[in-house]
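Open the model in your viewer and keep the sequence panel beside it. The stops below go from strand to helix and on to the loops.

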Amino acid sequence: MIYLDNAATTKVFDCAIEAAEACMREHFYNPNATYGSGVSAKSRIERDRRTIADAVGADPSELVFTSCATESNNWVIGCARKRPNGNVVISAGEHSSVYELAIALRNRGIDVRIVPLTSSGSVDIEAFKRLTDKNTTLVSVIHVSNETGIVNPVKELVGITRKSAPNAIFHSDGVQGLLKAGEPISSLGVDLYSASAHKLGAPKGIGLLYIRRGINIQPFMYGGGQERGMRSGTQNTPFISAFAAAVGKFAELNDSVRISAIRNELAEIFTANDCEVIGCGKNSGYILSVCVPNVKAEILQNAVHDKGVVIGKGAACSGSKRGNRVLSAMGLSQKQIENCVRISLFSDTSRDDAVSAARIILDCAEAIRSGHVG
């Protein structure tokens, strides 16, 4: 099986499995207990927090563990400071965990402004300037699009926000950007940054929220005061350990230049076969969105799966919804959207596997068009 749906989730590294198992078998103590074994478990959490912080470019005190990036995003949009006469600015390219909550806030009477996307898939900077003003209290712009892999100029947008809305908090959804966009969190200038471990070779069910020192945000969960009182609940020590192990392994294996070269070669192959690559500009190198003419994505996805290739057709968490809000915001027609598939790579993706998969996708597409499949 050639797995090319890594933007949805990644295969868990063996070292991450081993780290989690060791915690469950040997270091299972409650890290908030005051006896020696509990204190040792707490020490392991802090060691793992430092490992992750060092890798992503943050101070350990700035990282709070959550269950996933959806939780982190909901925490930010729901709990970051908002004034009655203030406004919230997000982009049209946000993940649903930001976008849907922002729309819910709008329905409650909050002034929510949505910045359009350019045809390339990035945030329209001129529109961002127009929509951000002195009354803006919260900005959220995704770092790397989970649909196209396009990298937004977050650092530039932060600079614009600091001038036009100096009191605003700036958040970025970094699920597809953490360790993949080549930018440490601290270099972006953001106040808040969300991430999820299962995009990096760790299990599902663990994520983080970066909270820059000096930024005040209300706690998301109240209770025993864990995670410095910001996110109560007994910490998931096995998955925190797995997260740290996966981050180390990803950094060891990852070669962004090689991955980008594979993506670019695939783009050339598809373009040469009358397919349209969606989203032009700076790309993380891990995601390729392709419109395959006259072939519905779902039919193609199932056909190539039968041939041993796994690809996506947009954000997995929106799989039950018709259409694609982000691609539509880029100006794609419904027909184009129906024909779009998403190919996403990982640190262990080989060039030969990726090229073989591209050939299988094209062969299956031709078979579908000729009526031999589906």
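Select F65 first: this residue stands opposite L208 in β8. The strands β2 and β8 are joined by 4 bridges and run antiparallel; two strands pair if DSSP finds at least two bridges between them. Helices (H or I, at least four residues) and strands (E, at least two) are DSSP runs, numbered from the N terminus.

Two remarks on the source apply throughout. The model is predicted, so local features need pLDDT of at least 70 and side-chain atom pairs count only at pLDDT 80 or more, while totals for chains, interfaces and linings use all residues. Residues are numbered from 1 along each chain as its sequence is written, and side-chain values use heavy atoms, with hydrogens and water left out.

**Strand β8**

Stay on β8 and colour by accessibility. Of its 5 residues, 5 are buried, where buried means under 20% relative accessible area, exposed over 50% and partly exposed in between (1.4 Å probe, protein chains only). G207, L209 and I211 point one way from β8, and L208 and Y210 point the other way. In a regular strand the side chains alternate between the two faces of the sheet. Next select L192, whose bridge partner in β8 is I211. Here β7 and β8 are joined by 5 bridges and run antiparallel.

**The sheet of 7 strands**

Now show the whole sheet. Its 7 strands form an open sheet in the order β2-β8-β7-β6-β5-β3-β4, with mixed pairing. Because β2 and β4 (111-115) stand at the edges, each with a single partner strand, one side of each is left without a neighbour in the sheet. Neighbouring strands of this sheet are turned by 20 degrees against each other on average, direction ignored. For a parallel pair, select β5 (residues 136-140) and β6 (residues 169-173), which are joined by 3 bridges. Within that pair, I169 in β6 is the bridge partner of L138.

**Helices on the sheet**

Contact means heavy atoms within 4.5 Å. Axes are lines fitted to C-alpha atoms, for helices over the stretch in contact, and angles run from 0 to 180 degrees between N-to-C directions.

How do helix α2 and helix α8 pack? Select residues 36-56 for α2 and residues 237-253 for α8: the angle is about 30 degrees, and the axes are 9 Å apart. The crossing is left-handed, a term used if the near helix is turned anticlockwise from the far one by less than a right angle, and right-handed if clockwise.

Show side chains at the contact. R44, I45, R47, D48, T51, I52 and A55 in α2 meet T237, I240, S241, F243, A244 and V247 in α8. These residues divide into 7 nonpolar, 3 polar and 3 charged. Ala, Val, Leu, Ile, Met, Phe, Trp, Tyr, Cys and Pro count as nonpolar, Asp, Glu, Lys and Arg as charged, and the others, Gly among them, as polar.

Hide α2 and keep α8. Its buried residues include P238, A242, A246 and F250. The buried residues of α8 pack against α1 (14-25), α2, β2 (63-66) and β8 (207-211).

**The sheet of 3 strands**

Move to the other sheet. Its 3 strands form an open sheet in the order β9-β10-β12, with antiparallel pairing. The twist averages 35 degrees from one strand to the next. Select V277, which stands opposite V290 in β10. In all, 3 bridges join β9 to β10 (residues 287-291). Helix α9 lies across β9, β10 and β12, running at about 5 degrees to β10.

**Two loop residues**

Which loop holds D274? D274 is in the loop between α9 (256-272) and β9 (276-278). D274 has a positive phi of about 65 degrees although it is not a glycine. With 66% relative accessibility, D274 counts as exposed.

Finish at R228, in the loop between β8 and α8. R228 also is not a glycine, and has a positive phi of about 60 degrees. R228 is partly exposed, with a relative accessible area of 48%.
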